[in-house]
Amino acid sequence: MSVVTSLVKPTVRNRATARRGAPNVVRRETHAPDYVVLVAVVALTAMGVLMVYSSSAMQAYAGSANSFAIVGPQVVWGALGLVAMMAMIRVDYRRLRLLSIPLYIGAIVLLVLVFVPAFNRVVGGSARFLQVGSLPAVHPAEVAKLALVVYLAHWLAKRGTEVRSFWKGFVPFLLIYVPLVLLVIAEPDLGTASVIALTGLFMLFIAGGNMAHLAALTGLGVTGVTAFLLHGYQLERIRIWLNPWQDTSGAGYHAIQGLLALGLGGIFGAGLGQSQVAGGIALPNASNDFIFAVIGEEFGLVGAGIVIALFIILAYQGVRISLAAPDTFGALLAAGITAWLCIQAFINIAVVVALIPITGITLPFISAGGSSLSISLAAVGILLSISRETVERGTWNDASADRGRRNGRAHLPRSGRRPLTSG
Amino acid sequence: MLGRTDSRGRLLFVLLVFIMTGAGLVARLAYWQVAQQPMLAARAQDQTLTQVSIPSRRGTIYDRSGTVVMATTVDRYMLEANPNLLGSDAAARTQLTNDLIGIIGLDPTDAAAFNQKLNSDRPYVILAHDLDQPTADRLQATITAEGAGNGVDIATEAARVEPQVGGAPNSSLAAQVLGFVNRDGVGQYGIEQYYQNILAGRPKIVLAARSIGGRPLIDTAQVVDPGTPGQDITLTIDDNLQLAVEQEVMAAGVADSAVSVSAVVIDPKTGQVYAEASYPSYDANNYAQTASGEFVDPVISDPYEPGSVFKMLTALAALQQGTITPTSIVDDTGSLSLDHGTARIYDSDKKPMGRITFEKVLAFSRNVGAARVALGLASTTNGAASILKATWDKLGFGQPTGIDLADEAGGTVHDPAIRPWYQLDLANAAFGQGVAVTLIQLATAYSAMVNGGKLVTPHVVAAIGNQPVAPTPGAQVISPTIAATLTNLMSYVVHTVPWYAAGTLVKGYLIGGKTGTAQIWDPHMNKGLGGWMTSRFNNTFIGYIGRNAPDLVIAVEIHEGKPLVIQQGNLPLAVESYELFRRIATDSMTMLDLHPAGSGTPTSSNP
């Protein structure tokens, strides 16, 4: 049950249901979803299909005589993702609270299954994909992102103000959060792990987590990542990131090719399908991790800037939806999904523009990759579902939020110290 | 019901973080795409474009008539494939493989290799080379019919062909003189190597984008340097005579069971080479199936101990020193003790001929007589050695003649100034042992003896393009008088010795020459200590033929021929070197239209 559910008169459409003997049923009051988000995401997806084709056609043709070999599945996954999105818009997002625990457990199981040699498919030295029989390979870390966001939103909303507590808030949070992050690191997929870790951190922050706890966790994370980076191929990545030009044909090759593609693009770009470096032969992973470089080459600073702008619009609208969400769960869910997509996008882009070392994560909605595309679109569906129930600023009932005694503000009378959680 | 527990302020802070991050990314993007753009774009262009060198058309090689093509470049086709693009239908692939093999007509071994290549996972394989137009057309039709155009392709390639058939089976004409051209368009051996730059010209240089496989896309090419086509070359070689000489050396080689037989016909006045042949030779069109040893031209690249033909050099030295005249008496004692009795040399038959004239010493090739003349060149052994060595040097031994062919060897001559010669060394040197020379060096030296004393540079190219190659005037190395004496001595040799007269003289022509039968040092004998072969010899004859004066010098060598009988002083071959000389001399006169003075045609009928 939720604060905003209300009794409404049966409309013409559901009068029949009402007549059938449930006239006083609790109904959702919904309005149109946030079309700005919808348009931004559909635009990004469409651009993605175009760019995946542009960047993969030649290599796909060389590899299998079929220039649609990579973009074909991308279109199918995109269509499936859009269907999932439209479905999620219609579903009451609160139902996800029921699903949150099974979803979380399922994600953990999938991540563990990756380590079973019979199912995993090693890509680029990491066991990141799960292959069962002849079904398409899925990327369990993508499922894990959604599962963590949904479960954390549910759990943080349920905990309410107790998230500030060390034993009742921080420690249980760690018990939810750490196993998932560690499993993804173990794949090893440091890029996705950092997206998940940052998203969880942002959610705890937004949910009102104790700043001391957050600072400690951040410090721990930075220390851990630093220690991790200082061994093996990760260290090599750092070295290249610091100076990609030191070894143009070997280790720095990938980063440099991305920059060369950007250079060829200039301000206005070379034009659709005109990329030489990126769409041709030189740039590895042109259709997924480095697709932003292809955009930069074909559409220039203008096109690449538009992509960044679309993600900023997504962030802005996502935060607005979160602010206007009818309940804490919705707010945290909307904020979590927004944070996840934007963090992932910005990390991906930061890699291409050589701000951070190569991590190997996809650009949401754009990169080739079925799991990433369809699950991201489904997540946007959830965001849009929340957007259908946003309420006016004035009716936002945060005036009643009890932040505990020590905030020194007036608070509503209540009985005892029962936490303010509700179903 | 109950209130929100999330923080509005923190949400707004998060939004601010995202907007700042996005702005930062745009700024960084602008840094690369605007500020660093020229540098990056230039680097990218360097990497994307590749400089391709397209060979210009290689020049054709003609014989001395300028009409007979000895070597030329034609368009052929090669079958190339990207097996990855052939599709996964195994039946269709097998069908295609079998059809292609059938059209090319491969034997089972080659077919297996073909099959393996077509089924590899490499992105580029060359399945077949040197396909002619009809085969290429049939292959293209099959490829199209079976829809394999993505994976299999036919490309043009330049192929060098030597269309003239050589004198021996499975050989092309003058293969060792011409050399061949490898798949990279680089001449190997002979003229093709020596004149590589002239024949190949300057390649066209273009900048082209790379294809997906990293290969240049010629469609996108922009010409940087148009290059220059290769120039044609006209040889001094006469194709008819070359063919006849090849046939003669093969016949002699077979008859004498020789390891090799070589002959060279040159004009002593100009150094022009009319024919230069060895048996065995090879087919330059099929060089890949040839043992690499056969590429080497023995005439210019294989120094050997010449034997008694070097007595003419001893004669030259003595005549120049004035220590002897043709009619001086020399005591041929059959053997001679040297170096205070520690060494001894013998005549080939070990029998003394007594006190005979120097011309007879030469005619009957008396080793002892020649040794006495050499020892008498000066009062000391080393003085005599220096004089003999200086004579050799003057006639070009010990250094390449400068013939315009690749890989010419200079031979080996020991310098008495570096290590003094013993009497034995000097005596051996007098009859051509202990020195290594090439046949072309001998022909050049003999040319000087018969042309009035000028050391010409032998050469095989008469003209490059339309420009005749001007012959370099030879240095006067022998006085005309002594040269005339030497010419007469050679004539005396072949007229005096009955078997030489029977074997060499051609009616209506001036003939002269000198034989040489040399022992062969085998470094592998006696468990590596080395030793003289007992049943095989190198037989050399160098002579001239002419109408009013020597017109041609012909040098022949039968390398490791097997005598019919092994007898002291008598080692008959089925075809003697001087008989081979006469055959080639007759062929030469006929084919070069050098009719005998005052008569109609030479011995054999006109071709």
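Let's start with contacts in chain B. Take those between residues at least 6 apart in sequence: 71% of them join residues at least 24 apart. Keep in mind that this is a predicted model.

Now the make-up of chain B. It has 19 helices and 23 strands. The chain runs to 607 residues, and 52% of them are buried. Its accessible surface comes to about 25,700 Å². Carbon and sulfur atoms account for 53% of that surface.

Next, two strands in chain B. S14(B) covers residues 335-338, and it pairs with S15(B) in the antiparallel sense, over 4 bridges. Together S14(B) and S15(B) make a hairpin, with 4 residues between them. Look at B:Asp339 in the turn: its phi is positive, about 50°.

Stay on S15(B), residues 343-346. Which side chains are buried here? B:Ala343 and B:Ile345 are, and they point to one face. Across from B:Ile345, in the pairing, stands B:Leu336.

Over to chain A, and one residue: A:Asp34. Find it in the loop between helix H1 (15-19) and helix H2 (35-64). A:Asp34 is buried, yet it has no salt bridge. How far away is the nearest side chain of opposite charge? That is A:Arg320, at 6.2 Å. A salt bridge needs a distance within 4 Å.

What does the side chain of A:Asp34 have close by? A polar atom of that side chain lies 2.9 Å from the backbone nitrogen of A:Val36. Leaving aside residues up to four places away in sequence, A:Asp34 touches A:Gln317, A:Ile321, A:Leu384 and A:Ser387.

Technical notes: Residues are numbered from 1 along each chain as its sequence is written. Chains are lettered from A and ligands numbered from 1 in the order in which they are written. This is a predicted model: local features need pLDDT of at least 70, side-chain atom pairs count only at pLDDT 80 or more; totals for chains, interfaces and linings use all residues. Side-chain values use heavy atoms; hydrogens and water are left out. Buried means under 20% relative accessible area, exposed over 50%, partly exposed in between (1.4 Å probe, protein chains only). Lys and Arg count as positive and Asp and Glu as negative; His and the chain ends are not counted. A polar contact is a pair of N or O atoms within 3.5 Å; within protein, one must be able to donate a hydrogen and the other to accept it, and residues adjacent in sequence count only if both atoms are side-chain atoms. Contact means heavy atoms within 4.5 Å. Accessible areas come from the Shrake-Rupley method with a 1.4 Å probe; for residues, only the protein chains shown count as cover. Two strands pair if DSSP finds at least two bridges between them.
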